[in-house]
Structures are given as structure tokens and as C-alpha cells.
Amino acid sequence: MHWLLEPLQYQFIRSGILAASMIGVTCAVLGVYVVLRRMSNVGHALTHSALPGLVVAYLMGINLFIGAAVATILTAFGIGFISKNDEVYEDTAIGIMPTAMFAFGILLMSNTKSFRDLSAMLFGNILGVGTSDLVLIAVIAVIVLGVLALFYKEFELFSVDPNYAKTIGIPLATIRYGLLILLALTVVAGIQAVGTILTNALLIAPAASARLLTNRLKTMVTIAAALAVASGFFGIYLSYYFGLSSGAAIVFVCTVSFAVCWLIKFFRR
Amino acid sequence: MKLKSMLPYCGHKHAHPQLDALAIETWDLSTGYPGDSRVALTDVNMAVPAGTCVALVGHNGAGKSTLLKTAAGLLPVRSGEIRVLGHPLGHCHNRVVYLPQRSEIDWHFPINVRKLVMSGRYVHLGWLRHPGQEDRKIVDAAMDELDISGLAGRQISQLSGGQQQRVLLARAVAQDADLFLLDEPLNAIDVDTRVVVSRVLKDLRKAGKTVIVATHFIDRLATEYDGAVYLSEGRQVAPAAGGFVGMKIGKE
């Protein structure tokens with residue numbers, strides 16, 4: 001038991017675990033929709049798009065979250081706008097926007113003196129979260145989970161049968177943009193934990209693991225959330241005991257749990 | 001209808017259907033798909049009286065689905081006009097139900113049969129309201145009518161083609177509308193389902209509902225429908241010699 005309790009005496013570990021849990025639940029629950037709607041590439045796109053926002057915010061000395069939020073939401077709208085009339089396919093827009101944003105971010109980074117400070121943006125710094133970060137993460141969690149809970153039946157019908165949803169007056173474009181904005185907010189929270197490059201794993205892996213184990217939506221959401229929280233917890237412990245990068249450790253545990261679920265599914269057959 | 005949504009999806013109050021109006025009337029209606037400049041349906045003129053059962057007949061790609069989708073508000077009108085239950089499109093869509101082709105649904109989504117049938121009630125609930133006792137009763141009755149009560153808890157990913165069709169029709173029945181727009185409800189289904197679907201169509205007709213069915217089964221038109229509209233390459237055409245006409249639906 002000692003190994004379990006020892007790290008908890010440090011405030012930064014406790015804050016880290018709290019942050020990772022909130023981020024994990026938010027990512028996992030929204031991730032269920034992302035996986036079921038086959039939007040994994042959108043998550044990938046938005047995570048990378050945050051970089052220039054982070055760098056600009058850093059250079060201007062404002063809260064990094066705000067920079068990331070602006071950049072991801074702009075990208076989300078950009079993707080929706082470019083592909084609106086099917087003249088450019090959505091996956092093409094997704095191929096162009098984020099790589100452009102990411103390159104722009106790297107350009108900005110290479111122009112600054114301290115490349116090192118910015119590594120936290122790429123790989124996250126869950127063990128460095130302060131009170132204001134925790135509050136922001138909590139606010140994002142409440143917004144994302146709250147909106148999903150309130151508009152559960154519309155999101156579900158929109159996913160299963162969009163045409164019928166449209167005939168009864170549900171504004172599909174609003175739902176689509178709404179989902180993208182939730183995704184952008186979630187990505188912003190995820191970046192704090194595991195950085196721009198790895199956040200998509202937190203979004204996709206727990207939900208994809210849960211999908212392998214169950215056919216029921218509620219069970220899927222529960223399993224995904226539990227896996228994400230466990231990944232955050234054990235990832236931080238791995239990082240504590242072996243001196244590893246916390247973000248990479250969390251994603252590593254996440255991916256291992258996906259592999260285990262895949263094996264369970266494989267041998268059940 | 002006692003249940004009224006406080007926050008309807010469309011953002012405005014649903015209009016009352018005009019009971020003495022035609023169920024559907026069109027004047028030189030032309031429509032097409034977004035992002036495609038071609039016209040998919042050209043100069044359609046028809047008048048469907050309320051309480052009739054009308055077949056839309058034609059080959060694949062003839063424009064049957066396009067016509068139903070336009071009436072359901074899924075496609076923009078390019079030129080001409082269409083009125084549904086006496087109103088412009090979108091004014092009383094709670095009284096109009098659209099049954100999509102089976103291929104348009106994501107059958108892999110984890111949701112059970114009961115839930116999907118329940119979505120037929122959503123137009124009456126609107127934002128933020130959840131189904132109540134009354135809705136559950138209506139859904140039970142609809143599933144009973146389609147003989148799928150035994151499937152209520154089953155995931156939709158585990159249904160056969162015929163079962164999928166019954167679930168969709170049960171949802172349409174559960175919406176409790178006046179005008180039914182049914183896209184190929186008889187296509188590629190087993191004999192039992194065919195019997196059940198035919199019975200439900202007959203019951204709807206008896207209850208005074210207007211039913212428009214896209215189909216390419218022409219053998220039973222005379223016994224099951226009041227009239228027919230023939231389409232080919234997006235235009236109204238005359239039936240083949242000896243083809244069923246019934247009451248006059250097309251206008252000249």
C-alpha cells in the first residue's frame with residue numbers, strides 16, 4: 001500500500017490526478033460520440049490546431065488556454081465553412097487546416113528564444129497545473145458534460161438518422177457546430193494534460209476501448225470514463241516512479257488499455 | 001394532441017394543418033441536391049387529396065425519393081411551389097412524417113429498438129423535454145402494430161432487413177402524423193414483413209391518413225392504392241399501356 005499512498009502526500013500529484021480525472025472524463029464521454037460518428041480525424045485536426053494559439057498567447061503573456069481555445073474554435077469553424085457546400089470534402093479540409101495551423105505554430109515557435117518553455121505545449125504538463133488551471137478545466141468539464149446531457153436525445157438522433165432529424169426541424173448545422181465547439185473546448189483541456197500532439201489519444205482510445213467491450217451506449221460511456229480516469233492515475237504514478245514525461249505516460253497507459261480490450265474482444269470470439 | 005413542445009426544434013409554433021386543403025399540391029416544382037447544379041426533379045404538377053393512398057412509381061433514379069425528400073423539407077425548392085397540408089414547407093412538419101430508406105440510417109450506432117421508435121415522438125417534445133407516460137404508451141402501441149414488441153430491448157445493429165423496416169415504420173406510426181411520406185417501405189423485405197407493412201398501410205388509409213409510397217412493385221397498385229404518379233428521369237410520365245391510373249393525381 002505504501003507505493004500507492006506515497007505520491008499522494010505531494011500537492012502537485014494530487015492536483016495532477018484531479019486535473020487528469022476531470023480531463024479524462026470529459027475527453028472520454030465526448031470521445032464516445034467522436035468514435036461513434038467516425039470523427040476521430042476531426043479530433044486529430046483540432047488538437048494540432050491549438051499550437052499557434054498557444055504560442056501567440058505565450059508571446060503576449062495571456063492565459064494559454066484562451067489562445068488554444070481561440071485557435072481550435074477558429075479551426076473548427078474553418079473546417080465547417082470550407083466544406084460547407086461539398087466543393088471541398090470535409091476530410092480534405094481536415095487535411096489542410098490543421099497542418100497549416102501546426103506549421104504556423106512551429107514558425108512562431110522557432111522565432112522565439114525559448115523553445116524549451118513551449119515543450120509543455122507539445123507534451124503537456126499535468127503536474128504543473130495551478131488552481132486557476134483546475135478551475136478552468138472544471139468549467140470546461142461542466143460545460144461539455146452539461147451540454148451533452150441536456151441535448152442527449154438530439155445528438156443521438158442526429159447521429160443515427162440525420163435526415164429524419166432534419167425533417168422534424170432539428171437544425172443540423174447548429175448541432176454540427178455545437179459538437180465541434182465542444183470538441184475544441186475539450187481539446188483545450190486535454191492539452192493541459194498531455195499536450196497538443198497526444199490529446200487525440202485521450203479522446204479516442206478510451207472510447208474505442210469501451211466500444212470493443214459493449215454495444216450499449218450508457219455502458220460504453222461508463223467504461224470509457226473509468227478507463228480514462230485510470231489512465232490518468234496510473235500514468236502519473238508511472239511518471240512519478242520512473243521519472244517519465246507525465247503526458248506520454250498517460251497516453252501510454254491509455255493505449256495499453258486499448259490493446260488489452262482488443263485482446264479481450266479477440267479471444268471472446 | 002395534448003402534448004405541446006415548449007421549445008420546438010424549428011423555432012416557431014407548429015401551424016395547424018388545413019383539413020380541407022390538399023395533402024400535397026405542387027406547381028411546376030423543380031428541385032435538386034445541394035452542391036449539384038443539375039435539376040433532379042423537373043416541373044412536377046400534382047394534387048394529392050387528403051385521405052388518399054398514392055403510389056410513386058418509377059425506376060431507381062427516376063426521382064421518387066427526390067420528390068418525397070422535397071415534400072419532407074430535406075431538399076431546397078429550385079423553382080415552382082409546393083404546399084403541404086395547405087402550408088408552405090416547414091410550417092406544420094409535426095403532422096408530416098418521412099420514412100427514409102433503410103440505407104440512410106447508421107445501424108451500427110448503439111441504440112435499442114424502443115429508443116429509435118421513441119424518436120418519432122421528439123418532434124412533439126422539442127428541446128429539453130423527455131418522453132412521458134403518454135409517449136411511452138404511443139410507442140408501445142406502435143411497436144405492437146408492427147409486431148416488434150418482442151424486439152424492444154434489442155440493439156438496432158442486430159436486426160434483419162425486414163425488422164429494420166418494421167422499426168422505421170413503427171417510428172412513423174408513433175409520430176402520429178396526417179401525411180406519411182414512405183420511401184420504399186416494401187423494398188427487399190421478407191414475406192411476413194410485407195404482409196405486416198401492407199396491413200399497416202391499409203389501416204392508415206382507413207384512419208383517414210394520406211399516404212404516399214415510393215415503390216417499384218407495380219403488381220398490386222390497383223388493389224392497394226387510390227392513384228399513382230409515374231416518374232422517369234425526374235419528370236412525370238404517362239403509365240405504360242394498361243398501367244394502373246386510378247384517381248387523377250397529376251395536373252396538366
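Predicted model: local features only at pLDDT ≥ 70, side-chain atom pairs only at ≥ 80, totals over all residues.
A residue is counted as buried if 20 or more other C-beta atoms lie within 10 Å of its own. By that criterion five of the five residues of β4(B) are buried, so this strand is largely enclosed by the rest of the structure.

- β4(B) belongs to an open sheet of six strands, whose order in chain B is β6-β7-β8-β4-β9-β10 and whose pairing is mixed.
- The edges of this sheet are formed by β6 (96-99) and β10 (235-237) of chain B, each of which pairs on one side only, and neighbouring strands are turned against each other by 25 degrees on average, direction ignored.
- Strands of a sheet pair through backbone hydrogen bonds, in either a parallel or an antiparallel sense.

**Strand β4(B) and its two partners**

- On one pairing, β4(B) runs parallel to β8(B) and is joined to it by five bridges, with L56(B) standing opposite A214(B).
- On another, β4(B) pairs in the parallel sense with β9 (residues 227-232) of chain B over four bridges; here V229(B) is the bridge partner of L56(B), while A228(B) is that of A55(B).

**A228(B) in strand β9(B)**

- A228(B), which has its place in strand β9 of chain B, counts as buried because it has 23 C-beta neighbours inside 10 Å.
- Leaving aside residues up to four places away in sequence, A228(B) touches V54(B), A55(B) and V57(B), together with L221(B), P239(B), F244(B), V245(B) and G246(B).
- Between A228(B) and R95(B) there are 133 residues of separation in sequence and 22 Å in space, C-alpha to C-alpha.

- Helix α1 (residues 64-72) of chain B lies across β4, β6, β7 (179-183), β8 and β9 of that chain, and runs at about 145 degrees to β7(B).
- α5(B) also packs on the sheet, where it touches β6 and β7 of chain B, and its direction makes about 175 degrees with that of β6(B).

**Helix α6(B)**

- Helix α6 of chain B (residues 191-206) has 16 residues and reaches 23 Å from its first C-alpha to its last, which is close to the 22 Å expected at 1.5 Å a residue.
- The buried residues in α6(B) are T193(B), V196(B), V197(B), V200(B) and L201(B); seen down the helix axis they fall within an arc of 135 degrees, so they line one face of α6(B).
- That buried set packs against β4 (53-57), α4 (133-145), α5 (161-175), β8 (210-215) and α7 (221-224) of chain B.
- The face of α6(B) turned away from its buried side carries the exposed residues V191(B), D192(B), V195(B), D203(B) and K206(B).
- Just after α6(B), G208(B) takes a positive phi of about 85 degrees.

**Contact between the chains**

- Chain B places 24 of its residues in contact with 22 residues of chain A, and the residues on the chain B side divide into 16 nonpolar, six polar and two charged.

Key
Residues numbered from 1 in each chain as written. Chains lettered and ligands numbered in written order. Contact = placed C-beta atoms within 7 Å. Nonpolar A, V, L, I, M, F, W, Y, C, P; charged D, E, K, R; others polar. Helix = DSSP H or I, 4+ residues; strand = E, 2+ residues; numbered from the N terminus. Expected span 1.5 Å × (residues − 1). Buried ≥ 20, exposed ≤ 12 C-beta atoms within 10 Å, placed from the backbone. Arc of directions from axis to C-beta. Pairing = 2+ DSSP bridges. Axes fitted to C-alpha atoms, helices over the stretch in contact; angles between N-to-C directions.
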